[in-house]
Structure formats: structure tokens, C-alpha cells
Amino acid sequence: MTTSALPADVLTKYEPVIGLEVHVQLLTKTKAFCGCSTKFGAPPNTQCCPVCLGLPGALPVLNARAVEYAIMAAQAINCEIRETSIFARKNYFYPDLPKGYQISQYDRPLAEHGYLEIAVPGGTKRIGITRLHMEEDAGKSLHDGFPDSRDRTYVDLNRSGTPLIEIVSEPDIRTPDEAFEYLTRLKEILLFTGVSDCNMEEGSLRCDANVSVRLRGAEKFGTKAEVKNVNSFRYIRAALEYEIERQIELLESGERVVQETRLWNNTEGRTYSMRSKEQAHDYRYFPEPDLPPLVVTSAMLDDVRAQMPELPDALRKRLVAQYGISEQDAQSLASSRDFAKQFETAAKVAKSPRRVANLVQSEMMGRVKAAGITLDESPVTMQGIAMAADLAESGELSSKMLKQLLDIAFEKREDFPVVYEREKPQQISDSSAIEKMIDEVIGANPKQVEQYRGGKKTVAAFFVGQVMRLSKGQANPALLNELVAKKLDQA
Ligand SMILES: [Zn+2]
């Protein structure tokens with residue numbers, strides 16, 4: 001809250017209380033209750049049938065894969081899974097909801113009482129997860145992009161009936177940074193399980209935040225506002241920062257916070273009141289009469305557990321233990337499952353896994369960020385990095401040269417081996433030139449020569465390294481090794 005107009009001592013008088021509701025589209029091929037495709041980007045209203053349009057007499061049939069995915073997500077965030085959960089109708093009127101109700105779960109959701117560990121300054125913090133329930137998505141109202149968009153709104157029902165899970169956190173989050181961290185971890189876990197692509201631009205992951213403030217030490221929660229449908233984690237953090245200050249300002253000037261839904265305007269960097277929510281909406285929930293109770297057997301739980309991949313936290317701990325890399329390196333390497341897999345492949349063939357990890361952290365991350373891409377999209381693969389690490393390890397490539405080659409690789413979008421083969425430093429294979437350099441190094445290091453003579457043959461590596469440096473990494477390594485041994489034995 002660096003741009004705050006409020007003095008720091010006023011801000012610290014209050015404690016924010018934040019809870020998050022995250023909607024996640026499950027990555028099934030077909031919708032929750034019919035066989036229509038869920039593929040994103042099809043022409044409007046081409047992926048609908050009587051079931052997802054809610055035509056009279058059409059009956060929903062639950063998608064087994066959606067249940068499997070929901071159970072997997074629930075297990076991954078440490079929830080207890082209810083043996084018998086109930087689908088319920090959530091009734092409301094909206095143009096993108098042709099049925100007039102959404103099939104959701106209400107008082108008996110699929111899963112409850114989970115948690116997630118997040119990193120906080122000086123340690124970790126456990127954020128409780130109240131519930132995870134299944135529901136279907138609504139259609140989409142299209143307010144822009146048509147010649148007559150000023151006067152009309154269009155509706156696209158392709159999304160109607162797409163399976164969702166809603167994950168509701170406990171109001172355990174205390175700062176916008178914690179909210180950002182919670183969302184980042186949650187998304188990472190969901191991506192690892194493969195139940196969703198979590199693509200925020202396509203709406204596969206959407207977040208609403210409930211936020212209130214109270215005097216520090218107070219038991220009772222303040223009146224909350226809900227910030228809806230912000231489409232990036234950074235904006236959620238910004239919206240929360242804004243909203244916390246807005247509420248503190250109100251309270252400080254003797255006014256009240258109104259319970260309402262607010263929308264974030266990113267251009268202006270502020271939230272706006274969308275509708276007041278003095279009373280909770282009356283959705284007239286009742287059990288969905290067209291669907292039987294959802295029964296999850298222990299065999300189903302075991303089956304999903306058996307398919308559960310290694311989750312990010314466990315993966316990071318294993319990388320540290322197995323390859324001797326730092327926690328920080330493990331953090332970036334485990335940012336995606338594919339990437340970690342690539343690292344492991346590279347680490348197994350590279351001479352030094354630590355150097356591979358190091359190169360990723362010191363040379364790759366910055367270049368990837370500058371190019372505005374993700375690690376997965378990097379032109380330099382982990383195989384390329386493994387090769388670079390080996391060349392650096394053997395002294396064949398100076399760190400300066402390595403940086404130059406990586407710059408070229410990113411500029412031309414080529415993998416490291418391609419660039420290396422074309423641009424590699426000219427090797428010096430002229431014996432007399434190398435011998436001259438060896439003489440120079442031997443002359444400058446009488447102590448090491450003494451050690452060598454005393455029988456410590458491993459000192460030869462020191463001379464090889466020194467000469468390699470002197471030759472700017474251009475000495476032919478095989479020849480260099482041979483000549484160093486010869487010269488030292490003569491010395
Ligand atoms: Zn359908």
C-alpha cells in the first residue's frame with residue numbers, strides 16, 4: 001500500500017479480513033450434464049442441446065469424468081469428501097441462464113474442511129478451505145464487439161452447462177499479498193493435477209474476493225464488500241489494496257461500510273459499486289429433482305488417489321533432497337510439472353545438476369521474463385541448458401561467452417545447441433600455442449607445481465582450468481589435458 005493517502009498509523013490500526021471464492025472450469029471434453037463439447041472459441045450458440053438450454057422435458061446426466069476431477073481437486077487441497085452429496089437448484093433470473101436456475105450444490109457439498117499452505121514472511125501459513133462444490137457454468141452475455149453493441153446485448157450459450165468447481169476459502173487471509181500467494185498456490189496445484197487449464201483469459205479460473213476491515217484485536221468481522229470477476233491475480237491484489245483503504249477511510253470519517261458487490265476498474269485503479277447486497281440473495285435452493293444424490297464410494301476415492309500426481313510442495317522438497325539444489329531454485333524449477341520433468345531429465349545427464357539449476361535461476365529466468373514468455377515457451381530447452389552447464393563445468397565455455405550465446409538463442413529463438421554449434425569459440429588446437437600458455441601458468445604457480453610433484457596428481461585439474469581461462473575457453477580440452485600432464489611431469 002505504497003500509494004496510500006492514509007498515514008501508516010491509521011492503516012495499522014485496522015486488520016483486513018479476506019476470503020476468496022474461486023471458480024474453476026474442469027477440463028472435461030463434454031459438459032457437466034450433457035454430451036455437448038466444452039471447447040473454447042467455437043462460433044456462438046453452436047455447442048448447445050435441449051439439456052444445457054433447459055428445454056422442457058430434457059434430463060441431465062452427470063458427467064463421471066467431472067466427478068473424478070472434482071474429487072482429485074478436493075484431495076489435492078486436503079478436503080474431506082462427503083460420501084453422499086446433493087445437487088441443488090440455485091434459482092435466479094439472468095439472460096445468460098436459460099433454465100432460470102443453475103445446478104449447484106448447497107448444504108451438502110462434495111467436499112469440506114480443506115487447507116492450503118502459503119509462504120508468508122518468515123514461514124508458512126495455513127489457509128482453511130471451507131468447501132469445494134460442483135456446479136455448472138452459465139452462458140455469456142456479450143456486451144461489446146457488435147455494430148449495435150450500444151443498444152443491444154447478445155448471448156452465447158456455448159459455456160452453459162460447463163462443469164465447474166467452486167472453492168471457498170475461510171476468511172483466514174489478512175493481506176493482499178497473502179491473497180495473491182493463496183491464488184498462486186491454488187492455481188499451481190490445480191495445474192499439477194491436470195483438472196483444469198486455469199486459463200484466466202478464457203475464464204477457466206475466476207475469482208471473487210470478500211473483504212472487510214476491523215480494528216486490530218476485535219473479534220467481530222466488519223461489514224464486507226465483494227469484489228467480483230477480476231481477471232488476474234495482480235489485479236486482485238490491487239483491488240484488495242484499494243478496497244481496504246476505501247473501507248478504512250469510510251470508518252475513519254465516521255461512516256459505515258455498505259455490504260455490496262463492487263467491480264474493479266483496472267484503468268482507473270479503483271472499485272465501483274455494482275449492486276447493493278443488503279440481504280443475501282434468495283436463491284430458493286432446493287434439491288435437484290432430476291439428479292440422484294451423488295455417492296462417492298471408497299473405491300472411487302482410492303482410484304483417484306492412485307492417479308494423483310506428485311504435488312508442487314512434495315516435488316520441491318524432493319528436488320532439493322535428490323539434486324542438492326537450493327529451495328529457491330526448486331521453487332522456480334517446480335513452477336510447472338512439465339518444466340520440472342524437463343529439469344530432471346537434464347539433471348540426470350548433466351555433470352552437475354546444481355549448475356543446471358543455477359543457470360536456470362541466473363540466466364534463464366531473467367531472459368524469459370524479458371521476452372514476456374513462460375519458461376515452457378523458452379526457445380532454450382532444458383536439454384540445451386544441460387549442454388551449456390556441462391560446457392561451463394568443464395571450463396570449455398566462459399561465463400561471458402555463455403551469456404552471449406544465450407542472448408543470441410533468445411534473440412533468434414533457437415535452442416542452445418544450435419547456437420553453440422554455429423557460434424562456438426574457435427578452438428585452439430595448435431600445440432605450441434597451448435604449451436606456451438601452460439608454461440605461463442606453471443611459472444606463475446610454483447606452489448601447485450610442488451604439490452603435483454609431491455604426488456597430488458589431482459592438481460592437474462587446477463592447471464587445466466587456469467589455462468582454459470587464459471585461452472578464454474578456446475583451448476581444445478582433450479589436447480589441453482594431455483599437454484598439461486606432459487608439462488607437469490617434465491616440470
Ligand atoms: Zn448440451
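## Nonpolar cores

A nonpolar core is a set of buried Ala, Val, Leu, Ile, Met, Phe, Trp, Tyr and Cys residues joined through side-chain atoms within 4.5 Å. In this predicted model, the largest such core has 70 residues. The residues with the most contacts inside this core are Leu20, Ile77, Leu110, Leu132, Ile167 and Tyr182. Helix H3, residues 64-76, contributes nine residues, the most of any element.

Ile167 shows how parts of the chain meet here. Leaving aside residues up to four places away in sequence, Ile167 touches Leu20, Glu21, Val22 and Val24, as well as Ile77, Ile129, Arg131 and Leu132. Tyr182, Leu186 and Leu190 are also among the contacts of Ile167.

## Zinc site

The zinc ion is coordinated by the SG atoms of Cys34, Cys36, Cys49 and Cys52, at 2.3 to 2.4 Å. Along the chain, these donors follow the spacing C-x1-C-x12-C-x2-C. The angles subtended by the four donor atoms run from 100 to 116 degrees, so the arrangement is tetrahedral; the criterion is that all angles lie between 85 and 135 degrees. For reference, the ideal angle for four tetrahedral donors is 109.5 degrees.

Cys207 is in no disulfide, and the nearest cysteine sulfur, that of Cys198, is 12 Å away. The cut-off for a disulfide is a pair of cysteine sulfur atoms within 2.5 Å. Cys207 has a relative accessibility of 1%, so this residue counts as buried.

## Aromatic pairs

The model has eight aromatic pairs. In one of them, the ring centres of Tyr106 and Tyr285 are 3.8 Å apart and the planes are at 10 degrees, so the pair is stacked. Tyr106 lies in the loop between strand S5 (101-105) and strand S6 (111-120), whereas Tyr285 lies in the loop between strand S14 (270-276) and strand S15 (286-287). The pair therefore ties together parts that are 179 residues apart in sequence.

Tyr92, Tyr106, Tyr283 and Tyr285 form one aromatic cluster.

Terms used
Residues are numbered from 1 along each chain as its sequence is written. This is a predicted model: local features need pLDDT of at least 70, side-chain atom pairs count only at pLDDT 80 or more; totals for chains, interfaces and linings use all residues. Side-chain values use heavy atoms; hydrogens and water are left out. Buried means under 20% relative accessible area, exposed over 50%, partly exposed in between (1.4 Å probe, protein chains only). Donors are N, O and S atoms within 2.8 Å of the metal (3.2 Å for Na, K and Ca); water is not among the atoms, so sites may look incomplete. Four donors count as tetrahedral if all angles lie between 85 and 135 degrees; four count as square planar and six as octahedral if opposite donors are over 155 degrees apart and all others between 65 and 115; anything else is irregular. Helices (H or I, at least four residues) and strands (E, at least two) are DSSP runs, numbered from the N terminus. Contact means heavy atoms within 4.5 Å. Rings of Phe, Tyr and Trp (its six-membered ring) pair if their centres lie within 6.5 Å; planes under 30 degrees apart count as stacked, over 60 as edge-to-face and the rest as tilted.
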